[in-house]
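The account follows the structure shown below.

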Amino acid sequence: MADLRKVLISDSVDPKCKTTLEANGIQVTMNTKLSPSELVAEISEYDGLIVRSATKVTAEVINAGKNLKIIGRAGTGVDNIDIKAATERGVIVMNTPGGNTLSAAEHTCTLMVCLARQVPQAAASMREGRWDRKKFMGIELFGKTLGIIGLGRIGREVATRMQSFGVRTIGYDPIVPAEAAKEFNVEFFELNDLWPQCDFITVHTPLIPQTRGLLGDETFPKCKKGVRVINCARGGIIDEAALLRALQSGQCAGAALDVFEQEPPQNTELVQHPNVIPVCHLGASTVEAQSRVAVEIAEQFVDFNEGKSLFGAINAHAMVKALSPSAKSLVKLGERLGRLIEVLYGLEACKEISIVAQGPDYSEAPSFLPAAVLSGVLASNASGVTLNLVNAPDFAKKKGITAKATYCATSDSRYSNTITVSAGGHTFGGTIIGNFSPIFSELDGNQLHSPINALGNVVIGRGSAKCAPKFMNIMAEHDIFTYACSGCTGIGMLDVSKVVPEDVLNKMRAVPDVEFVAML
């Protein structure tokens with residue numbers, strides 16, 4: 001369980017979102033009138049936040065959310081959420097990647113038809129009392145070529161629908177291979193080969209540095225003269241200033257824009273150009289889409305809370321397969337193994353960490369163990385931030401620490417499934433026994449004669465083996481009792497009844513032949 005108790009909905013979403021959350025035991029507050037400062041003041045009370053596009057989830061909001069575990073976007077785009085700040089705080093960000101697909105695809109096709117036949121301009125002319133049949137001469141779609149940039153869910157749906165008009169569909173996507181594009185009858189081309197072929201171009205990509213200004217002063221001259229463009233994705237993918245120049249020169253015959261670099265748009269000359277169809281960001285504005293994304297984000301929150309899945313997560317890849325009880329136990333074991341190495345040998349010994357998951361039950365563990373081990377290694381070096389599977393890799397990267405995990409189907413220890421963590425020439429291991437209980441089973445390359453509870457109050461020490469009885473006596477004098485004791489040459493571990501105070505640890509450090517003593 002993720003212990004998601006209170007969720008704030010700060011934008012207008014379908015009431016089904018609140019109903020679904022409450023039906024699953026999550027308390028919900030819906031307040032769509034919060035100012036930015038009020039949101040900062042209120043957010044600390046909540047474990048989760050659900051928004052659409054109106055709320056700006058800034059770093060200030062995220063840092064104020066002391067209990068915040070998850071932010072959900074009821075929709076696709078997350079550019080109103082500071083992903084970097086959320087990741088640094090260990091807060092999951094998720095969207096509903098499929099909820100708007102049909103509405104956005106239909107909207108794109110609608111605008112393409114309107115571009116071809118100038119329907120909005122003709123309607124506006126009639127409202128002004130004119131009958132300008134000759135002025136609004138259109139073109140047929142049949143036989144034209146549509147270039148689709150971005151062949152994900154929406155791009156595919158657009159292709160399928162426009163093919164029914166007899167449109168040839170070609171496309172480009174840096175991730176989708178040509179073979180996959182063929183499956184929905186899209187011919188794949190690299191961008192420089194695609195531009196000159198298109199009568200129409202539609203973009204369906206996120207707005208990232210690589211796509212900002214994708215259609216601009218460098219690309220419009222490569223296009224067929226009289227090309228028409230559609231943007232129902234994100235403002236900024238088409239450079240608005242360059243688009244206006246292309247419209248004025250006739251290189252671009254028309255544009256249908258549902259999104260803008262600034263919303264509402266500031267470039268009034270572009271919006272008022274006679275060959276532009278401007279729309280106020282309506283791609284997802286259908287009753288069906290809004291109902292669908294509201295229910296989907298609520299169900300995704302519930303699934304996360306119940307440990308079932310993490311569908312739609314944008315910044316929590318390590319957590320996707322770490323939600324089951326057994327996986328959560330492995331995460332805890334990984335954290336403790338990482339902490340063990342750092343406590344014994346320091347951060348400098350942990351610059352390159354190698355993790356091996358062994359045994360038939362641990363095949364998926366390499367997907368989340370690096371982040372788990374890193375969160376343990378860096379626990380005392382995170383400047384007060386609580387590390388988890390979301391933010392530990394980011395912290396490690398800043399400190400020049402790497403962790404890689406591999407899988408081996410068989411175990412070389414007496415346990416059928418084991419995890420080993422190696423760094424700085426030292427190897428430590430553990431496994432899960434019984435009712436998902438993590439244990440330490442290997443110290444510095446040596447198998448322990450009896451395992452130690454990895455989640456207990458563990459005292460770790462380096463020195464002579466004869467120090468252990470003296471440690472136990474010192475702790476017993478302070479009503480601290482030893483449940484288990486194990487070790488190997490030069491290193492010992494004791495599982496004790498409570499956290500050992502620093503003054504007691506100092507007495508233990510004063511024992512002859514002791515090199516090092518600490519609480520894990």
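In this predicted model, the contact between helix 16 and helix 17 brings Phe-471, Ile-474 and Met-475 of helix 16 against Val-504, Lys-507 and Met-508 of helix 17. By class, the residues of this contact are 5 nonpolar, no polar and 1 charged. Helix 16 spans residues 467-476 and helix 17 spans residues 502-509; their axes come within 10 Å and cross at roughly 150°. Because angles over 145 degrees count as roughly antiparallel, helix 16 is roughly antiparallel to helix 17. The crossing of helix 16 with helix 17 is right-handed.

Two further helix pairs can be described in the same terms. Two packed helices are described by the angle between their axes and the distance between the axes.

| Helix pair | Axes come within | Crossing angle |
|---|---|---|
| Helix 16 and helix 17 | 10 Å | roughly 150° |
| Helix 1 and helix 12 | 8 Å | roughly 20° |
| Helix 13 and helix 14 | 6 Å | roughly 45° |

Helix 1 (residues 16-23) and helix 12 (residues 287-305) are roughly parallel to each other, and their crossing is right-handed. From helix 1, Lys-16, Cys-17, Thr-20 and Leu-21 take part in the contact; they meet residues of helix 12 including Ser-291, Ala-294, Val-295, Ile-297 and Ala-298. The contact of helix 1 with helix 12 comprises 8 nonpolar, 2 polar and 2 charged residues.

Helix 13 (residues 325-345) and helix 14 (residues 369-377) have axes that cross at roughly 45°. That angle makes helix 13 oblique to helix 14. Helix 13 passes helix 14 in a right-handed crossing. On the helix 13 side, the contact involves Leu-330, Val-331, Gly-334, Glu-335, Gly-338, Arg-339 and Glu-342, which meet Leu-369, Ala-372, Val-373, Ser-375, Gly-376 and Val-377 of helix 14. These contact residues divide into 6 nonpolar, 4 polar and 3 charged.

Helix 13 also has a part in the second largest pocket, where it supplies the largest share of the lining, 4 residues. The volume of the second largest pocket is about 740 Å³. Of its 28 lining residues, Lys-69, Gly-90, Phe-304, Met-319 and Asn-388 are the closest to the pocket centre. The lining of the second largest pocket consists of 15 nonpolar, 7 polar and 6 charged residues.

Key
Residues are numbered from 1 along each chain as its sequence is written. This is a predicted model: local features need pLDDT of at least 70, side-chain atom pairs count only at pLDDT 80 or more; totals for chains, interfaces and linings use all residues. Side-chain values use heavy atoms; hydrogens and water are left out. On a 1 Å grid over the protein atoms alone, a cavity is a set of points where a 1.4 Å probe fits but cannot get out, and a pocket is an open set with protein on both sides within 12 Å along at least five of seven lines; lining residues have an atom within 4 Å of a point. Grid points are joined across faces, edges and corners, and a volume is the space filled by probe spheres set on the points. Helices (H or I, at least four residues) and strands (E, at least two) are DSSP runs, numbered from the N terminus. Ala, Val, Leu, Ile, Met, Phe, Trp, Tyr, Cys and Pro count as nonpolar, Asp, Glu, Lys and Arg as charged, and the others, Gly among them, as polar. Axes are lines fitted to C-alpha atoms, for helices over the stretch in contact, and angles run from 0 to 180 degrees between N-to-C directions. Angles under 35 degrees count as roughly parallel, over 145 as roughly antiparallel, 65 to 115 as roughly perpendicular and the rest as oblique. A crossing is left-handed if the near helix is turned anticlockwise from the far one by less than a right angle, and right-handed if clockwise. Contact means heavy atoms within 4.5 Å.
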